[in-house]
Amino acid sequence: MTGDPVLEVDGLVKHFHVGSQLLGGGGTVHAVDGVSLTIGPGELLGLVGESGSGKSTVGNCIARLVEPTAGTIRIRGTDVTHLSRREMRPLRREVHMVFQDPYSSLNPRMTCGQIVGEPLRLHKLVPRRDRDRRIVQLFDQVGLRSELRHRYPHELSGGQRQRVGLARALSVSPALLIADEPVSALDVSVQASILNLLRELQRDLGFSCLFITHDLATVEFLCDRVAVMYLGAIVEQAPTEELFAAPRHPYTQALLSAAVVPDPVEQRSRTRIVLEGDVPSPLAPPSGCRFRTRCPLAARSAPQSVDEEPELRPVGPDHLVACHLVGPGGAAPEVLDLAAGGI
Ligand code: ADP
Ligand code: MG
């Protein structure tokens, strides 16, 4: 990483209290349980994991849409963890979010031009008389015909709506874009064009990006680094190429083994690691290693896995793994070998 980090998240925790505690039926959802990550200038970090692993909650905490339970969040060196709404206002420009469903996240009563122009107005970025020109410029940047600025979101296709969402996010020239499954609701054919656009825009404009997805192929295409989440925690983090070439955590290995690859020959020759059981409830995550109840290496698992949560430890340059079985020298557990032998 060159330059000061744009985002530093340290020990982020978000617990949701659900149900009625008076009636004894309440509980605590451990949505995020101690997540730390850093994003450098112009860097794209992929946050990947199954549904319910806490990815959106991490994004929402960073954008301060939900209040973190513990930990700190710094944007360009400023601690924003507990800023009030008013104090956050100037920082709202720095971090912008693009959501999965552009339909529900765009105000249906505003034209697309008004939607894109709203942040310009709120942050007083462009004098009123120049606003329309800037909106046309933003539409052009995201590949939308300028006439579409007079239309309402429901008159556009899903892909066009997501382009409007991107134009709105980019209108304030944010330092950090948080994209939460931005293409998951779109047709496959449209997904690629939006991802290409995002990559081009990122290269041209140089913003940093936290890209949240459950889809590994997207991460491989787009991201510089990847953080893998399981049940509220990051279990592995590495540069994209390295993670795909040499995954160390048994969970990452399982995820990668299940991913679809474009080459049918390679697909057939792959050994698939099938994880037993379901993801445990975040209302009662396992003690110690949160992956131990599904770990294919459980039989030979380290005794401390029941009591001790493995810390993220370096196993190579910029490669971190939270597994008791990964030795200090970084020797990978042999899930794949075991799987080949018939797990
Ligand atoms: P992901 O984006 O990886 O699918 P989420 O961050 O949406 O995961 O959710 C993580 C966990 O937190 C899930 O178990 C989810 O049900 C729970 N959760 C998220 N938001 C709330 C909320 N507002 N109240 C209670 N539980 C929540
Ligand atoms: Mg989500």
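**Close-up views of a predicted model**

**View 1. β11 and β12 pair up.** β11 and strand β12 (residues 319–321) run antiparallel and share three bridges. Strands are DSSP runs of E with at least two residues, helices are runs of H or I with at least four, and both are numbered from the N terminus. Two strands pair if DSSP finds at least two bridges between them. Arg313 has Val321 of β12 as its bridge partner. This is a predicted model: local features need pLDDT of at least 70, side-chain atom pairs count only at pLDDT 80 or more, and totals for chains, interfaces and linings use all residues. Residues are numbered from 1 along each chain as its sequence is written, chains are lettered from A and ligands numbered from 1 in the order written, and side-chain values use heavy atoms, without hydrogens and water.

**View 2. The open sheet.** Eight strands line up as β6-β7-β8-β3-β9-β10-β12-β11, with mixed pairing. β6 (95–98) and β11 (313–316) are at the edges with a single partner strand each, so one side of each has no neighbour in the sheet.

**View 3. Around ligand 1.** The ligand is surrounded by 13 residues (a heavy atom within 4 Å). Among the closest are Gly52 and Lys55. α1 gives the largest share of this shell, three residues.

**View 4. Polar contacts of ligand 1.** These are pairs of N or O atoms within 3.5 Å. A side-chain N or O atom of Thr57 lies 2.5 Å from an oxygen atom of ligand 1. For a polar side-chain atom of Ser56, the distance to a ligand 1 oxygen is 2.8 Å. Ser53 uses a backbone N or O atom, 3.1 Å from an oxygen of ligand 1.

Terms used:
Polar contact = N/O pair within 3.5 Å; in protein donor to acceptor, adjacent residues only side chain to side chain.
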